[in-house]
Amino acid sequence: MEKYRRIIGSFLFLLVTPAIHAGDGPTLGGRLFIDGGWYAGAPKGFHSGVAITDVRLTGKYRWNDGWYAKMDISFARNQIRLKDVFIEKTIGRHIFRTGYMLGFFSLDQSSSSNDFLFLTASNCAETFYFGRRLGASYTLNLPTYYASAGVFCGDGVWTDQKTEQGYNASVRFVFRPYHDIGKLFHIGSGAVFRVPDRHEEATSRLITLKSKANTSLPAPSLFALPVDHVRRQWQWNIETFAQDGAFFVQAEYMKVWIERYPHPAFCGQGTYVEGGWVVKGSVLGYNPVDALPVCASGPEALILFGRFNYTDLNDRVFRGGRLHDLSVGANYYLNRNLIFRFNYSHQWADAQSTVGKTNWGLFQSRIQFRF
């Protein structure tokens with residue numbers, strides 16, 4: 001409980017501390033996700049239901065001379081967890097940031113869940129995602145080019161005396177020869193280098209690749225692959241996003257290579273393609289500072305979209321499973337604060353997955369409130 005009191009105390013301190021210089025001052029925001037899901041023909045252990053999958057409070061403080069601070073705290077699943085907690089300084093086109101945050105690497109792994117088209121990121125992005133970390137980053141934001149690099153320590157925000165912290169770094173580069181409201185072409189690539197944490201009682205460093213397969217509701221892990229004797233991990237991607245008026249498409253290919261000693265390395269990969277049509281309302285947005293698409297602002301915007309995903313954790317040594325999924329969805333943005341989301345996903349797993357060779361359907365909906 002002492003840990004939680006420190007978190008909440010820091011959050012309140014961020015909101016009430018006066019600005020160093022006059023500026024925009026403190027703002028309070030947050031989000032609430034209420035999800036419902038129904039499985040059709042799913043394996044044992046997958047249960048239909050309703051849950052609050054995310055609830056957060058966010059404090060932001062912006063003052064003159066380009067300074068900005070943010071603290072984001074999640075209260076979902078009866079747990080208090082830190083999300084983004086950082087301080088940022090902007091000098092012209094240069095952005096310096098330090099704290100607990102994402103190391104920008106790819107479109108789906110860097111986007112906020114507030115801005116997802118579907119209820120979750122693609123399955124391959126979820127499987128290869130390893131979370132926020134403590135560190136520092138630099139971003140160059142130019143009209144045609146975007147570049148970001150960060151260095152980080154550890155695999156999370158909390159450590160103890162029995163944990164030997166690892167370290168990691170990420171880079172991302174984007175070329176966008178033209179971008180305007182409703183007209184954009186973006187292509188880029190990113191890479192991650194990582195040495196994971198090691199607990200002194202463990203025989204080796206360990207990385208576990210897991211995924212619940214396109215849902216935030218309570219569900220068994222479709223993938224649960226432990227890779228032991230890890231020396232280092234490399235991950236890279238190629239990404240693209242294009243928009244022409246009401247139509248848009250986004251795609252990525254990701255590859256993970258985990259070097260092990262004295263054992264053979266592990267190699268996993270995945271890809272997805274998604275696209276859609278803004279039937280009514282404002283076009284899909286784009287944040288040039290982070291080089292990421294953002295959701296339509298409304299009011300009364302309607303978007304139809306689909307996605308194909310392929311995730312492969314089978315290689316010559318490890319048989320972690322393989323998944324194909326085909327998903328469709330519709331989002332109705334009543335205004336910038338209230339969104340109604342509807343998804344259907346059909347999924348095919350192979351014999352090496354945790355549920356064996358099978359296929360099933362999943363209907364999901366979400367009421368999303370943000371302020």
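I begin with a term: helices (H or I, at least four residues) and strands (E, at least two) are DSSP runs, numbered from the N terminus. With that settled, I looked up S112 and found this residue in the loop between helix 2 (107-110) and helix 3.

**Ground rules.** I note that this is a predicted model, in which local features need pLDDT of at least 70 and side-chain atom pairs count only at pLDDT 80 or more, while totals for chains, interfaces and linings use all residues. Residues are numbered from 1 along each chain as its sequence is written, and side-chain values use heavy atoms, with hydrogens and water left out.

**The whole chain.** I looked up the secondary structure of the protein chain, and it comes to three helices and 22 strands. The C-alpha atoms fill a box of roughly 60 × 55 × 45 Å along the principal axes. For the radius of gyration, taken over C-alpha atoms, I used the globule rule of 2.2 Å times the number of residues to the power 0.38. For 371 residues a compact globule would come near 21 Å, and the protein chain has 21 Å, which agrees.

For burial I kept to relative accessible area, where buried means under 20%, exposed over 50% and partly exposed in between (1.4 Å probe, protein chains only). Buried residues make up 49% of the 371 residues in the protein chain. Contact means heavy atoms within 4.5 Å, and among contacts between residues at least 6 apart in sequence, 60% join residues at least 24 apart.

I then looked up the surface, for which accessible areas come from the Shrake-Rupley method with a 1.4 Å probe. The protein chain exposes about 17000 Å², and carbon and sulfur atoms supply 61% of it. For charge, Lys and Arg count as positive and Asp and Glu as negative, with His and the chain ends not counted, and the place of a charge is NZ of Lys, CZ of Arg, CG of Asp or CD of Glu. The protein chain has 40 positive and 30 negative side chains, and the centres of the two sets lie 2 Å apart.

**Back to S112.** I found S112 partly exposed, at 27% relative accessibility. S112 and T358 are 246 residues apart in sequence, and their C-alpha atoms are 31 Å apart in space.

**F128.** This residue is found in helix 3 (residues 123-128), and at 2% relative accessibility F128 counts as buried. Leaving aside residues up to four places away in sequence, I found that F128 touches Q109, L209, Q235, M254, V256, G268, Q269, G270 and L313. F128 and T311 are 183 residues apart along the chain, with 9.7 Å between their C-alpha atoms.

**Aromatic rings.** Rings of Phe, Tyr and Trp (its six-membered ring) pair if their centres lie within 6.5 Å; planes under 30 degrees apart count as stacked, over 60 as edge-to-face and the rest as tilted. By this rule I have 17 aromatic pairs. In one of them, the ring centres of F96 and Y138 are 5.3 Å apart and the planes stand at 45°, so the pair is tilted. This pair links distant parts of the chain, since F96 is in strand 5 (residues 94-101) and Y138 in strand 6 (residues 133-141), 42 residues apart. F96 is partly exposed at 41% relative accessibility, and Y138 is partly exposed at 30%. I also found that ring pairs link W38, Y344 and F363 into a cluster.

**Backbone in the loops.** I looked up N78, in the loop between strand 3 (67-74) and strand 4 (81-91), and its phi is near 60°, a positive value in a residue other than glycine. N78 is exposed, with a relative accessible area of 82%. N214, in the loop between strand 12 (207-211) and strand 13 (223-227), also has a positive phi, near 70°, but N214 counts as buried at 7% relative accessibility. The peptide bond from Y261 to P262 is cis, with omega near 5°, and P262 lies in the loop between strand 15 (247-260) and strand 16 (266-280).

**Two strand residues.** Y61 lies in strand 2 (residues 49-63) and is buried at 7% relative accessibility. Y61 and T27 are 34 residues apart in sequence, with their C-alpha atoms 6.4 Å apart. A330 lies in strand 20 (residues 319-333), and its C-alpha is 32 Å from that of Q352, 22 residues away in sequence.
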